[in-house]
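Dear colleague,

Please find the structure below, handed over for your records.

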Amino acid sequence: METAPYFSSVHDPCVVGRCRHKLSDILMVTLITYLCGGEDYSDMYQLCHYRGEEFKPLLELPNGCPC
């Protein structure tokens, strides 16, 4: 499943070459964390770190979990 179409209208302020993570991956981790009852960045990291493999069809995470 490609997540880019869902977030295509969101402006990405990142400078090419300086960012390690895709905005669409970060937004998807944020959404999944929220739906699972997470409240902050720590919850986002824990979800991605411990259960990231389960979300591989939705996330690319070319440089691993954002930390």
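Cys-65 counts as buried, since its relative accessibility is 19% and the cut-off for buried is under 20%. Please bear in mind that this is a predicted model. Cys-65 is joined to Cys-48 by a disulfide, with an S to S distance of 2.0 Å. The torsion about the S-S bond of Cys-48 and Cys-65 is about -135°, so this disulfide is left-handed. Cys-48 belongs to helix α2 (residues 41-51), whereas Cys-65 is in the segment after α2; the pair therefore ties together parts that are 17 residues apart in sequence. Cys-48 is buried as well, at a relative accessible area of 6%.

The structure holds one disulfide, and Cys-36 takes part in none. The nearest cysteine sulfur to Cys-36 is that of Cys-48, 12 Å away. Cys-36 is exposed, with a relative accessible area of 52%.

Turning to the protein chain as a whole, it contains two helices and zero strands. Its radius of gyration is 12 Å, which agrees with the value near 11 Å that a compact globule of 67 residues would have. The C-alpha trace spans about 30 × 25 × 20 Å along its principal axes. Of the 67 residues, 27% count as buried. The chain exposes about 4,900 Å², of which carbon and sulfur atoms supply 57%.

Finally, the charged side chains comprise 5 positive and 9 negative ones, and the centres of these two sets lie 8 Å apart.

With kind regards

How values were computed:
Residues are numbered from 1 along each chain as its sequence is written. This is a predicted model: local features need pLDDT of at least 70, side-chain atom pairs count only at pLDDT 80 or more; totals for chains, interfaces and linings use all residues. Side-chain values use heavy atoms; hydrogens and water are left out. A disulfide is a pair of cysteine sulfur atoms within 2.5 Å. Helices (H or I, at least four residues) and strands (E, at least two) are DSSP runs, numbered from the N terminus. Buried means under 20% relative accessible area, exposed over 50%, partly exposed in between (1.4 Å probe, protein chains only). The radius of gyration is taken over C-alpha atoms; the globule rule is 2.2 Å times the number of residues to the power 0.38. Accessible areas come from the Shrake-Rupley method with a 1.4 Å probe; for residues, only the protein chains shown count as cover. Lys and Arg count as positive and Asp and Glu as negative; His and the chain ends are not counted. The place of a charge is taken as NZ of Lys, CZ of Arg, CG of Asp or CD of Glu.
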